[in-house]
Amino acid sequence: KLILTTNDVLNIISNISEVIETNRQYLTDLDAAIGDADHGINLDRGFKAVKEKMPQFLDKDIGAILKNVGMVLVSTVGGASGPLYGTFFMRMGNVVSGKNTLDENDIVAMFEAGLSGIKERGKAQAGDKTMIDAMEPALNELKSTLSEGRGLKEAIEAAANDAYNGVLMTKDIAAKKGRASYLGERSIGHQDPGATSAYLMIKTVADYVDK
Ligand code: ADP
Ligand code: MG
Ligand code: MG
């Protein structure tokens, strides 16, 4: 059975930081169409700050690491997505306080707590054209794949796949939350930047466990 260790979590965070850097312009271009052209810039600034702080995380447990990542994101990303991603990581950390390994139940509980935090903080739900449209289908798929007994690796891969379908779906709907909602129906046809970054993070976890 697949178990993630503290070292795996540190590697995944480092990989996310690289993926965000690689996709900085792409995420910013998506935000230029329906927002203020800064989503990739914001997240890259945040994950670079996380990367810089990582040496201080080495002796910490997974809960403390994730809480620290969340706090760094809140204080460096800014915009709408900073507090939301910050809350996501902090809530995930709260659920696994003191742990140095994660099993499939931990991972489901973390994702559930993180997504609930985003929904409470941003008052958005699935279908509002936000990061939730990638995360919620991914969480549902994670849970249903695990309940079929198909194992964590396969479940995370299936989750990433459904996150991507959620990203594509954001093109077909009007934004109800965030800056893109100022455009109303004119936001239709454009892919949500935050859903895209959420997918990229989930895909990074899937690629990591696939190795
Ligand atoms: P800003 O819009 O302040 O410039 P960003 O560009 O970094 O912030 O992030 C924009 C993304 O944040 C959107 O694409 C959307 O996915 C997400 N977002 C905005 N408002 C909300 C909300 N209330 N709940 C969830 N996600 C949101
Ligand atoms: Mg923006
Ligand atoms: Mg902004």
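Buried means 20 or more other C-beta atoms within 10 Å of a residue's own; exposed means 12 or fewer, partly exposed in between, with C-beta atoms placed from the backbone. The arc is that of the directions from the helix axis to the C-beta atoms.

This is a predicted model, in which local features need pLDDT of at least 70, side-chain atom pairs count only at pLDDT 80 or more, and totals for chains, interfaces and linings use all residues. Residues are numbered from 1 along each chain as its sequence is written, while chains are lettered from A and ligands numbered from 1 in the order in which they are written. Helices (H or I, at least four residues) and strands (E, at least two) are DSSP runs, numbered from the N terminus.

Contact means C-beta atoms, placed from the backbone, within 7 Å.

Select H2 next. Its buried residues are Leu27, Thr28, Leu30, Asp31 and Ile34. They cover an arc of only 160 degrees around the axis, which puts them on the same side of H2. H3 and H9 are among the elements covering them.

Move to Phe57, in the loop between H3 and H4. Why does Phe57 count as buried? It has 20 C-beta neighbours inside 10 Å. Phe57 touches Leu10, Ile65 and Asn68, not counting residues up to four places away in sequence. The C-alpha atoms of Phe57 and Asn68 are separated by 8.0 Å.

Finish at ligand 1. Among the 24 residues around it, Gly79, Gly122, Thr130, Gly178 and Gly194 come nearest. A residue is near if its C-beta atom, placed from the backbone, lies within 6 Å. H3, H5 (81-95), H6 (104-122) and H9 each supply at least two shell residues. H9 gives the largest share, three residues.

Zoom out. UniProt, in an unreviewed entry, places "domain: DhaL" at residues 7-207. The end C-alpha atoms of residues 7-207 lie 16 Å apart, and the span is 70% helix and 1% strand.

Technical notes:
UniProt positions renumbered as here; feature names shortened; annotations may be inferred. Contact = placed C-beta atoms within 7 Å.
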